[in-house]
Amino acid sequence: MPASRESSATTTSSSSSVSLGKAGGKDKDAREGWGGKLDFILTCIGYAVGLGNIWRFPYLCYKNGGGAFLIPYTLFLVLCGLPLFFLEVTYGQFSSLSPLAIWKVVPLFKGVGIGMICVSAIVCVYYNVIVAWTVYYLVMSFRAVLPWAHCDNAWNTIHCVDQSSRTNGTNFAGQGNLTGGSPWTGESEGGPGSGLNGTWELMVVTTQSNKSTPASEEFWLYHVLDQSDGINSLGTIRWQLLLCLAFSWLCVFFCLFKGVKILGKVMHFAAPFPYLVLIALLVRGCTLPGAADGIKFYIIPRWEKLMEFSVWGEAALQIFYSVGMAWGGIITMASYNKFSNNVYRDSMLVPLINCGTSFFAGFVIFSVLGFMAHEAHTSVDKIVTQGPGLTFVAYPQAIATMPISPLWSVLFFLMLFTIGLDSQIRLFYKYLFVQFVLHRSGVVMVAIRCCDGSIKPYALCPQGGIYVLQIMDWYCASFSLMLISLTECLALSWAYGVDNLYRDIALMTGKEPHFWWRYMWKYITPAVILFIWAFSVVTLGPVTYGSYVYPEWAIAFGWFLGVISVVPIPVVAVYKIMKTDGPFLHRVRYLLKSDYTWGPSQPEDRKRYIAAMESAELEEVTAIEKTSLSNMDDCDEISIAFLHKR
């Protein structure tokens with residue numbers, strides 16, 4: 001430690017060390033904890049289970065070997081998903097700090113926390129637009145006849161095909177290009193994103209004489225989006241979507257304006273409700289003709305697929321994004337736990353429920369896709385789709401053919417709205433929390449931030465807003481999350497040390513975790529993250545939107561959004577090194593050690609933490625430190641021990 005920095009740190013600590021526990025306790029009291037034992041688990045489930053579980057995983061399972069895909073998927077859950085989730089819950093609960101303040105643990109890497117803020121702030125902007133789409137579909141479902149079930153609407157073209165057209169002999173078996181210059185045909189390469197995840201393919205129907213589009217697709221393209229020709233012509237604002245977006249932010253406000261306890265109570269409904277709807281949809285889907293063919297198509301293993309590198313890469317990507325690491329939301333939710341909460345149990349339970357939900361949702365989706373194939377007299381592989389194509393075109397089209405179709409439509413889109421709102425609340429709540437204002441400014445600050453959030457997506461509501469949204473999703477939540485996770489894992493396992501992590505866990509739960517986590521955090525999980533990062537870099541090409549080619553300035557803007565969350569890591573590290581006194585290597589060593597204020601927030605827990613310091617650390621105190629400490633009149637034994645640790 002540099003002499004000048006050492007002297008100032010020691011002098012400052014003489015008065016602050018004694019009151020540190022009280023200060024921590026005061027902050028903890030100011031921030032309310034979870035109201036019940038299930039609040040944290042339900043909130044984390046709502047955070048991790050998102051739209052990708054519904055519209056991404058079932059398609060990946062079909063595409064990459066059916067039931068065989070579960071082998072690499074489960075493997076990467078064990079090697080990457082569980083260790084990272086366990087790590088974030090551990091040091092979030094231990095410190096009761098935000099994703100930014102928590103980097104007192106290793107000050108050199110405070111840029112990781114800033115990067116998490118940047119990612120969540122950007123994703124918050126466009127994720128609620130997707131939620132607004134579900135709101136619009138939900139509102140339009142309250143009709144005796146669903147508007148996407150027929151071609152008698154003002155937005156329909158002469159190429160529209162509906163249920164009556166199919167009954168009269170239209171062939172739905174082929175695939176062709178959309179009319180009107182739509183970019184929704186075919187499969188894009190790369191683009192692993194947080195919500196839309198790259199592939200924007202749709203089922204397209206073909207008549208005997210010309211190319212046609214189903215009524216549900218025209219409703220989506222020509223009414224909901226009223227899509228323009230490209231990003232250079234954004235067009236006019238879709239006021240319907242703007243109102244739905246305002247409603248979505250209003251829901252976020254009412255879930256957060258009273259703090260974490262209200263959020264926990266909301267999750268008692270919001271977390272289990274999607275499962276009830278999924279069960280109802282599965283029961284209904286299994287009663288439809290052709291459902292068994294769809295389910296068989298979904299789960300029958302195709303073992304030869306395991307020999308393809310892309311299958312393993314996509315399994316790793318899906319685990320990485322579905323569990324929710326590196327966003328900061330897990331840290332934020334865990335920071336409200338009681339210090340003695342069973343961190344190990346919760347860290348194992350939530351990712352397993354999340355992945356189980358993805359697999360279960362596949363049965364719901366493919367039972368209906370099997371029905372669609374049966375009705376169209378074709379095979380399931382001709383209509384399998386993912387992303388918005390599944391959620392806003394294929395599935396609504398299938399619902400339109402069911403008896404009492406408005407009821408099933410309401411349930412389906414209410415489920416999507418709940419799932420999307422759950423994830424948005426957690427992202428936005430973390431964004432508030434890291435600014436240290438939620439528990440201080442209350443309702444006013446939440447209202448200001450919600451209004452700010454509803455204004456920022458203004459560019460996503462025009463007719464060409466979908467092009468901007470695709471750029472943000474393509475670049476903002478891909479490789480940057482992996483680099484943040486990698487830095488986080490290495491900083492905690494090597495700089496802070498797995499021995500300290502084990503000690504902290506034992507302090508919270510009463511026993512150390514299994515020895516294998518030591519090797520996971522230090523070696524295996526970082527290696528897996530590097531593999532996922534390399535795979536994403538290889539597969540991530542320039543942003544695409546079907547057949548639409550983005551201009552170079554739009555691609556450059558996307559890369560800017562992508563790197564903006566990674567840049568703070570090296571920039572903040574360099575800044576801190578420059579601001580610290582002493583030789584270069586001494587500065588780095590100093591910044592790789594925990595700040596003297598690091599530790600539990602409650603005084604009684606802090607005393608136990610200091611008492612658990614290894615005796616070897618006390619022997620490393622230099623003669624200068626001993627002399628400085630002997631001159632402190634108000635530094636008690638606990639403070640001295642803590643400064644020795646520092």
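Buried here means under 20% relative accessible area, exposed over 50% and partly exposed in between, computed with a 1.4 Å probe on protein chains only. The model is predicted, so local features need pLDDT of at least 70 and side-chain atom pairs count only at pLDDT 80 or more, while totals for chains, interfaces and linings use all residues. Residues are numbered from 1 along each chain as its sequence is written, and side-chain values use heavy atoms, with hydrogens and water left out.

View 1. A48 is found in helix α2 (residues 37-48), helices being DSSP runs of H or I with at least four residues, numbered from the N terminus. Because its relative accessibility is 7%, A48 counts as buried. Not counting residues up to four places away in sequence, A48 touches N53, S322, V323 and N354, where contact means heavy atoms within 4.5 Å.

View 2. N53 lies in helix α3 (residues 51-55) and is buried, with a relative accessible area of 2%. Its contacts, leaving aside neighbours within four places in sequence, are A48, P58, N354, S358 and A361. The side chain of N53 also reaches the backbone nitrogen of G50 at 2.8 Å.

**View 3. Positions listed by UniProt.** An unreviewed UniProt entry lists G46, A48, N53, S322, N354, D422 and S423 under "binding site", an annotation that may be inferred rather than shown by experiment. Although these positions are spread over 378 residues of sequence, they cluster in space, with a largest C-alpha distance of 13.7 Å.

Note on methods
Helices (H or I, at least four residues) and strands (E, at least two) are DSSP runs, numbered from the N terminus. A polar contact is a pair of N or O atoms within 3.5 Å; within protein, one must be able to donate a hydrogen and the other to accept it, and residues adjacent in sequence count only if both atoms are side-chain atoms.
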